[in-house]
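Trainee: Could you show me how to read a charged side chain and the helix that carries it?

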Amino acid sequence: MPSAQPTCAARVIRSKFVQNGWGATLTKETNDMVSMAKQDAEGMYQLQLSRDRPISARSLRSAIFWEHRHLNSQKIVSTPAVDDELELELFSDPSDQKQWVEGLDKIRKSITESSESIQMHPMFGPMRDREFTLWSFRIDEVWVTIFFRVEPKQMELRSCDNYFDREVSQLAIADPWPKDREARRNLIKTRLPYILGEGCIELKTSVIQSFPLEDTKDEWATGHLAYAVSREIFRRLKVLMYRQRCQMLHRNGDIATNFLWDKFEEDHDVDGYRQALMAACAHQTIEKSSFHVRLALEVPSEKSKHQPCALNHTLLGREHVPDEMYTKSHYTVRNVVVEIPEDKRLEENDEAATQEDSEESDVDEMDAEYEAEEASSVDFLTEETEARDSQAPTTPNDSLEMAEDTPSNEFANDDSDPQVPSEQEAANGEFSVTDGNSLKRPRSIDEEDLDEDAKRQKLEEETPNSPVQSVPLTPAQEQKDVPEFMFINPQGYRPASPDTNKRPLSDREDSPAKRIKEEDDDE
């Protein structure tokens, strides 16, 4: 039967990130891979049965192996794990010497016939080569963790077959269960020197100390705490390796290692430890399968015999705080209220003054904006006027005067204000705006022609002996365009383009020049 059979006892939560694959047949290679990862998967499954179920060796060693593999330098520590049978024999009841001897024989070293070398159990290889060792095991169903440091020494021969070329400089025992703790400690002191001696590692009982941590109230939780202590030691080893790397870069002094043996300062969160164990076991399975296995969240059915109440845990504190997630529904919510002390509160007069100052500030801002707009309009008008004046053609002979300094006779007998043009006059362009914002009446073309005739007649009377003939206007002079006059308003009124279809002045029926010429012809 294939190792990865679909089950009808649970369903995976549907998601766009999880595709349906029940219809595909697994290959032989995939089934072989699943068989190899089965034990690690069972270690995670066991943690989902009940929160107060004792931790199995399979679950704990899978989690510790995963934590160990995520160290930057894995060779800094050894994490041995033996099977349940050997563990039971090595740390059996002190009264049962037979089990103890059977267990020790399974790891006993041997010396070659020529006494050239010593052959040891493979468990002692990493212990001898690595600086630290972290080992968790059970003594009478209570999980205990030991952490020790191994240093090399010159080989010594204590007896016919006892060689020692390593020694333990520090060893700490983490035992969170207070009941029979001293008996377990004595058992470790008695048997651990013999166990390590099979690896030529000398252990003196004087270096054994306790790893301080808070006691647990539940015996079944000792495995959870063994994992928590091991995880904390891994964290401290990471700190040590970081400091050692910095010391190599900056060439500082020696790095202290006393913090490795400090107290485990943390309130016990057994349910958090169990969930962290589940994650570690799951990722251990995934990584060992070369990521051919992945996590999935299942919804168990009644056939799975799943008991949710067995996993319901109690919180560390008595009060439960919700998750701090804020969405659109909180945009208009203001339920956080802070009381202001009476001596810090604003009085009514202060509040009114503050409001009045705010209103005055708004009015000042509006005035400033209005003045800025007016200044901008005046600047724009000035620039437009200067541009038109610079573009208008002016010559001494044919330039026309735009306005007179004194009002004409036409306005002398008029009772109305000569500076206020009528709407019709303004529309016809008969008035223009000059400097000083005063309105002046421009001279008409007929008046300009009469002035020219008067000047010519005066010149003839002063010089009677010299014959003077009237010089008629040339066609070019007659046809020269006369600029139109316009009423300039503050809104930047633009004049119309000059009319290129105007007839010459001499061709007009009412032209003064034509009238004078006819009179001369009659004479």
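Mentor: Begin with the term salt bridge, which means a side-chain nitrogen of Lys or Arg within 4 Å of a carboxyl oxygen of Asp or Glu. This is a predicted model, in which local features need pLDDT of at least 70 and side-chain atom pairs count only at pLDDT 80 or more, while totals for chains, interfaces and linings use all residues. Residues are numbered from 1 along each chain as its sequence is written, and side-chain values use heavy atoms, with hydrogens and water left out.

Trainee: Is arginine 274 buried or exposed, and which side chain of opposite charge is nearest?

Mentor: Buried means under 20% relative accessible area, and exposed over 50%, with partly exposed in between (1.4 Å probe, protein chains only). Arginine 274 is buried yet has no salt bridge, since the nearest side chain of opposite charge, that of aspartate 271, is 4.4 Å away; Lys and Arg count as positive here and Asp and Glu as negative, whereas His and the chain ends are not counted.

Trainee: Which residues does arginine 274 touch, leaving out those up to four places away in sequence?

Mentor: Contact means heavy atoms within 4.5 Å, and arginine 274 touches Leu47, Ser50, Arg51, His224 and Leu311.

Trainee: In which helix does arginine 274 lie?

Mentor: Helices are DSSP runs (H or I, at least four residues), numbered from the N terminus, and arginine 274 lies in H9, residues 270–288. Serine 290, which follows H9, has a positive phi, near 60°.

Trainee: Which residues of H3 meet H9?

Mentor: Among them are Leu60, Phe65 and Trp66 in H3, which meet a set in H9 including Leu277 and Cys281.

Conventions: Helix = DSSP H or I, 4+ residues; strand = E, 2+ residues; numbered from the N terminus.
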